[in-house]
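Good morning. Please have a look at the structure on the screen, and then I will go through it.

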Amino acid sequence: MNVLEQFSLKGKVALVTGASYGIGFAIAKGLSQAGATIVFNDLSEELVEKGLASYREAGIRAYGYVCDVTGEEQVADFVHQIEETFGSLDILVNNAGIIKRIPMCDMSAEDFRKVIDVDLTGPFIVSKAAIPGMIRRGHGKIINICSMMSELGRETVSAYAAAKGGLKMLTRNIASEYGAYNIQCNGIGPGYIATPQTAPLRTPDNPFNSFIIAKTPAARWGTPEDLMGTAVFLASDASNFINGQVVYVDGGILAYIGKQP
Ligand code: NAP
Ligand code: GCO
């Protein structure tokens, strides 16, 4: 096989969770451009319609469904519907996620649990639904969207860091438990990416904005499009002997002490 053919996703069906916009949308766009059929979900019909319009505008035939990744029964039904409708579910990108920025001692256990439920239990639930079919078909790719907070902490994001740290280990455990079935489970750890989730951090009056730029060797916020190539790589045959890894697409933040003020 020509090495470039290893990156083709022709004939593959990919589910990207929470992909009406943001990082999930960009990853889905990349997978589509590599040949995959795109299925995505979001929390409401309105969001799914918004996403479908965005995919159409980008020239992508995507299929959108309402599904909350924390609902085990609805996720099982959703994955079954995908396999019945499209014949398989070959690539799963666990992208859906939330963050609550609250000082830990001010955070309710309910808020903590909500973040863990979406960002960690959600990927568990969706992966658990997708893996049996991947085993039957003899192959599968799972990509978990981790974070800088899979490695680092910072004020106000205790629940998110705990979830994303756990997601890194869930990635390694799925690789360990199901690698023998030709399932590869890896993570992508985006740096600080300009999406609605980080919009509050990027306001001109927020010192965090310049702080991140000083901490990033690339001296810029990332864009969702910066993640497309890594997603295609980890979704393709080019990464068949890579398992349990987290690829950090962070402009160098994790390697850098930060520019001297
Ligand atoms: P975003 O703009 O907030 O988009 C997240 C998407 O997930 C939204 O469409 C959201 O729907 C959906 N979602 C939330 N809860 C869901 C649930 N229970 N079931 C189904 N869908 C759900 O976030 P983003 O910046 O694109 O981030 C996407 C992923 O990358 C997240 O896992 C995030 O933690 C991670 N990440 C982001 C960055 C960054 O700097 N932006 C960096 C590292 C990692 P609603 O619109 O209804 O909330
Ligand atoms: C924050 C940001 C980060 C990013 C991302 C970094 O408040 O620190 O939201 O957590 O979302 O996870 O990789």
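First, the ground rules. This is a predicted model, in which local features need pLDDT of at least 70, side-chain atom pairs count only at pLDDT 80 or more, and totals for chains, interfaces and linings use all residues. Residues are numbered from 1 along each chain as its sequence is written, chains are lettered from A and ligands numbered from 1 in the order in which they are written, and side-chain values use heavy atoms, with hydrogens and water left out.

Let us start with ligand 1. It has 28 residues around it, and Y21, D42, N95, Y160 and T195 come nearest; a residue is near if one of its heavy atoms lies within 4 Å. The shell consists of 16 nonpolar, nine polar and three charged residues. Here Ala, Val, Leu, Ile, Met, Phe, Trp, Tyr, Cys and Pro count as nonpolar, Asp, Glu, Lys and Arg as charged, and the others, Gly among them, as polar. At least two shell residues come from each of α1 (22-33), β2 (37-42) and α5 (158-178). Helices (H or I, at least four residues) and strands (E, at least two) are DSSP runs, numbered from the N terminus.

What touches ligand 1 through the backbone? An oxygen atom of the ligand lies 2.9 Å from a backbone N or O atom of I23, and a nitrogen atom of the ligand is 3.1 Å from a polar backbone atom of V69. Of the 890 Å² of accessible area that ligand 1 has on its own, the protein covers 91% (Shrake-Rupley method, 1.4 Å probe; for residues, only the protein chains shown count as cover).

Now ligand 2. It is surrounded by 14 residues, the closest being R101, S147, R154, Y160 and Q197. By class, its shell has eight nonpolar, four polar and two charged residues. A polar side-chain atom of S147 is 2.6 Å from an oxygen atom of ligand 2, and for a side-chain N or O atom of Y192 the distance to a ligand oxygen is 2.8 Å.

Last, the rings. The whole structure holds nine aromatic pairs, meaning rings of Phe, Tyr and Trp (its six-membered ring) with centres within 6.5 Å; planes under 30 degrees apart are stacked, over 60 edge-to-face, and the rest tilted. Y65 and F78 have ring centres 5.3 Å apart and planes at 50°, so this pair is tilted. Y65 lies in strand β3 (residues 62-66) and F78 in helix α3 (residues 72-86), so the pair ties together parts 13 residues apart in sequence.

Note on methods:
Polar contact = N/O pair within 3.5 Å; in protein donor to acceptor, adjacent residues only side chain to side chain.
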